[in-house]
Structure formats: structure tokens, C-alpha cells
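Please work through each task before consulting its solution.

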Amino acid sequence: METPSRRSVLLAGGTIGALGALTVASPAQARPLWTWSPKGSVAGAGQGADPRWVWDPEADDLVAALLQRGDVPKVNELLKTWTKNGQALPSGLPADLRDFLERARQLPSWTDQDKLAKAFEFNQKRGLYLGVTYGFASGMMSTAIPHEARAVYYSKGGADMRDRITKTAKLGYDIGTEKAFQPDGEMIVTCVKTRLAHAGVRNLLPKSAYWTKTADEKIPISQADMMVTWHSLPTTVMKQFAKWKVAVPADESAAFLHSWQLAAHMLGIKDEYIPKSWDEANAQAAQVLDPVLAPTAEGIKLADMLLNLAAFIDGGILTKHILGALTRFVLGDEIATWLKIPKEPVWDPVFADLWPPFVAVREGILDITKAPKELREFYWVFDEIIRQGVLLVLSGANYPISIQIPTTNNPNY
């Protein structure tokens with residue numbers, strides 16, 4: 001397997017991949033009735049069922065059978081060797097799993113390889129911005145999504161957040177590679193393995209007494225939950241780019257969307273829920289993502305874990321403050337306050353004051369080639385702070401990354 005370096009994972013946008021009173025505010029107001037029309041999806045039609053009550057029955061039933069038969073440890077070991085999209089499946093897999101994998105690895109008929117090639121160009125040019133947005137917009141936002149925060153915290157992934165992040169990071173890395181969805185790429189494999197892992201969580205988490213005490217759902221990771229997470233990634237990225245005045249050509253924007261539409265499909269999201277355009281994506285996000293953002297005790301703890309991931313470098317003396325300030329700058333004061341991320345009198349102004357000219361320089365809008373040497377050196381230092389702030393989150397991660405079906409919940413809960 002060609003394993004990504006820590007630097008390449010993060011610069012390709014890989015991280016979770018995803019970064020008052022003691023009492024937690026009550027959850028966001030109840031989500032409105034599902035009104036988004038499947039006519040706005042890549043399928044162009046559908047039943048229009050509320051995705052909160054739709055899961056992934058094919059994968060869920062399969063994994064339930066694997067767990068019941070005690071096959072999961074053997075399956076996880078065998079699937080470690082399956083890394084490339086076009087690679088033959090390992091011998092020895094149960095027949096029902098093999099049949100599922102052969103179906104699940106097939107790209108949909110609406111796949112556009114030209115758009116995927118253009119998406120790679122976009123990822124190449126915008127790697128640093130993607131690292132920041134995936135990590136400190138999408139990743140940290142996930143801790144303010146109640147369903148996701150609780151599912152992560154009480155499932156096996158919550159017991160080892162660095163391991164959890166590296167597995168999510170692989171998704172962000174793989175989608176940004178040149179041949180992500182081609183036979184010698186790895187994105188299809190990563191998506192299908194993640195789909196199986198999600199099915200494992202759906203089977204196991206309802207057995208957790210800790211999760212059931214706090215959850216407002218009977219089964220986790222519904223189609224709605226998956227779309228909420230999806231919008232925290234590409235939809236949020238494009239909103240941040242617009243906010244930062246990063247000019248993205250229309251063809252690159254459409255290509256980036258297409259790559260994530262395919263990712264959604266391969267993760268088991270039904271086509272009737274996958275938006276066909278950015279206008280439709282923004283309309284759906286306003287219904288499924290924006291109203292559910294809220295703090296939880298679990299999310300606050302996860303956020304603190306994420307901000308401490310680089311503490312092995314300096315004991316958290318400096319890194320936690322930098323990562324916290326970057327999170328506040330990207331997500332805003334409200335969400336940072338929810339997550340109990342303290343204001344940083346030194347670093348908050350640094351990001352607020354320097355990010356706009358930083359983007360302007362990188363975009364060629366502001367020319368500093370003739371600026372004083374001190375200013376040029378300061379720009380370089382800020383550029384390096386951004387890079388290192390993203391990179392440190394995954395420092396110390398173990399490779400190769402193996403996404404597996406869980407057999408237990410968080411053993412600490």
C-alpha cells in the first residue's frame with residue numbers, strides 16, 4: 001500500500017477528518033419537517049422520505065450477521081490487505097460480505113471522470129485552505145453536532161481520538177488524490193470500509209447504556225446524520241472560501257462538488273438525498289445542518305481532546321492556544337464559546353488581522369515582492385504557523401491506516 005505521509009494527509013485536507021456555566025445549553029430547536037425535494041438531488045426523483053428515519057439496511061443487516069457469527073475480527077484482518085479500488089477482494093471473506101463489497105464498490109452511472117480530473121486540480125491548488133477548513137471548520141464543527149459528538153464519544157472511536165482522526169483523515173486525503181475513484185486509487189475502498197464501520201456503530205451503540213441515556217434517537221447515523229456530516233465538509237468548505245474571498249472558477253467548483261457527491265454515494269447515502277448543485281446543497285444544509293448545531297457535554301470533551309492532540313510537542317504550552325484561536329477564527333465566537341474554547345488575547349488578533357492579507361497574497365491580489373524584508377519574513381512566518389497548526393494535529397499518527405468494523409463500544413463507557 002502506498003501510505004500517505006502525515007504532511008500529505010493534512011495538506012490534502014485530511015483531519016476529521018475533522019478539530020460560562022458548567023451546564024450545557026439545551027439542544028438546538030427541533031428540526032423542521034423534511035421538505036427538501038428529491039427533484040434537487042443527483043437522482044432527480046425519489047420517495048422524499050424524511051432521512052431521519054432512513055439508515056443503510058443492506059450494510060446494517062450484513063454487519064449484524066457478521067457480528068452474530070463472530071466473523072468481524074477475521075474480516076477486519078483480511079480487509080487490511082484490500083487497499084486499491086480495482087484490487088481483487090482477499091480470499092477467505094464470507095460469501096455474503098464478498099457479494100456486498102462487489103456491489104458497493106461499483107461507481108454510479110452518473111460518474112464524470114472529467115470532473116474528477118478537474119477536482120484533483122482544485123485540490124492541488126487549494127490544499128492549504130482545504131487543510132484549514134476540513135480541520136478547523138468541518139472537524140471542530142463536528143463536536144458541535146450533537147448526534148455526531150455523542151456517537152463518536154460513546155463508540156469505540158471515542159476511546160482513541162488520534163486513531164479516530166487518522167481514519168477520518170484518510171477520507172480527506174484519498175478524495176484529494178489524482179486517481180481517487182480510479183482502479184489504482186483508494187477512495188472507493190475507504191468509503192466502503194467506512195460504510196461498514198458505520199453499520200457496526202449502528203448495531204453496537206444502541207446497546208450502550210451511556211449513549212441511550214443521552215441520545216434522542218434509537219439508532220445512530222441515519223441518512224440525515226450522514227448528510228449533516230457531509231454538509232460540514234464540502235458545503236462548509238465552499239462557504240468558508242466565499243467568506244475568505246478565495247476565487248474558485250465555476251468548473252472547479254462543480255468538479256469539487258462532484259467528487260463529494262460520489263463520496264456520499266459510496267458511503268451509502270441514497271442518491272435522492274445528495275444535492276445536484278451548490279444551490280441545492282445550501283438549501284438542504286439550511287434545513288439539516290444549521291438548526292441542529294448545539295453544545296453537548298460530549299462535544300465539549302471531544303473538542304478539548306482535539307485541541308490537545310499536539311500537546312506532546314510542547315505540553316500544550318503554545319500549541320493548544322494556537323489551535324484554539326484558529327478554531328475560534330474559523331468557526332466564530334458562538335460555536336467556540338459553546339465548546340468552551342477560551343479567547344486568546346495574543347493569537348485571536350493574529351488570525352483576525354493577518355488572515356485576509358494572507359489570503360490576498362496567496363491569491364495574487366496583494367503583491368509583497370517589493371515590500372520591506374521584515375514584512376515578507378513575517379508573511380512567511382504566518383504561512384508556516386498555519387501549515388504547522390494543521391500538521392501538528394496528526395503528528396504521531398500510525399500508518400498504514402486501517403478502517404475496521406468495530407466489535408465494541410467505547411470500553412471506558
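The exercises below treat aromatic pairs, helices and selected loop residues of this predicted model.

**Exercise 1. Classify the ring pair formed by W34 and Y273, and state which parts of the chain the pair ties together.**

Solution. A search of the whole structure finds 15 aromatic pairs. In the pair of W34 and Y273, the ring centres are 6.0 Å apart and the planes stand at 75°. Planes over 60 degrees apart count as edge-to-face, and the pair is accordingly edge-to-face.

**Exercise 2. Determine whether the rings of F329 and W355 are stacked, edge-to-face or tilted, and whether each residue is buried or partly exposed.**

Solution. The ring centres lie 5.9 Å apart and the planes meet at 55°. Stacked rings require planes under 30 degrees apart and edge-to-face rings over 60, so the pair of F329 and W355 is tilted. F329 sits in helix α16 (residues 319-331) and W355 in helix α18 (residues 347-362), 26 residues apart, and the pair thus links distant parts of the chain. For accessibility, the limit for buried is under 20%. F329 has a relative accessible area of 22% and is therefore partly exposed, whereas W355, at 2%, is buried.

**Exercise 3. Describe the geometry of α18 and its packing against helix α6.**

Solution. Begin with the span: α18 has 16 residues and reaches 21 Å from its first C-alpha to its last, close to the 22 Å expected at 1.5 Å a residue. Next, examine the axis: α18 bends by about 40° at L354, and the proline P356 follows within four residues. The buried residues of α18 include W347, F351, W355 and F358.

For the packing, two quantities are needed, because two packed helices are described by the angle between their axes and the distance between the axes. Helix α6 (residues 127-141) and α18 pack at about 150°, with axes 12 Å apart. Angles over 145 degrees count as roughly antiparallel, and α6 and α18 are therefore roughly antiparallel to each other. On the α6 side the contact is made by L128, Y129 and V132, and on the α18 side by W355, F358, V359 and R362. Y129 also belongs to a cluster in which ring pairs link F122, Y129, F241, F256 and W278.

**Exercise 4. Explain why helix α7 is described as largely enclosed by the rest of the structure.**

Solution. Nine of the nine residues of α7 (residues 146-154) are buried, so the helix is largely enclosed. Among them are H147, E148 and R150, as well as Y153 and Y154. The cover over these buried residues includes α8 (161-175), α10 (209-214), α11 (223-243) and α14.

How values were computed: Residues numbered from 1 in each chain as written. Predicted model: local features only at pLDDT ≥ 70, side-chain atom pairs only at ≥ 80, totals over all residues. Heavy atoms only, no water. Phe/Tyr/Trp six-rings, centres within 6.5 Å; stacked < 30°, edge-to-face > 60°. Helix = DSSP H or I, 4+ residues; strand = E, 2+ residues; numbered from the N terminus. Buried < 20%, exposed > 50% of the residue type's maximum accessible area, 1.4 Å probe, protein only. Expected span 1.5 Å × (residues − 1). Bend = angle between axes of the 7 residues up to and from the residue. Axes fitted to C-alpha atoms, helices over the stretch in contact; angles between N-to-C directions. Parallel < 35°, antiparallel > 145°, perpendicular 65-115°, else oblique. Contact = heavy atoms within 4.5 Å.
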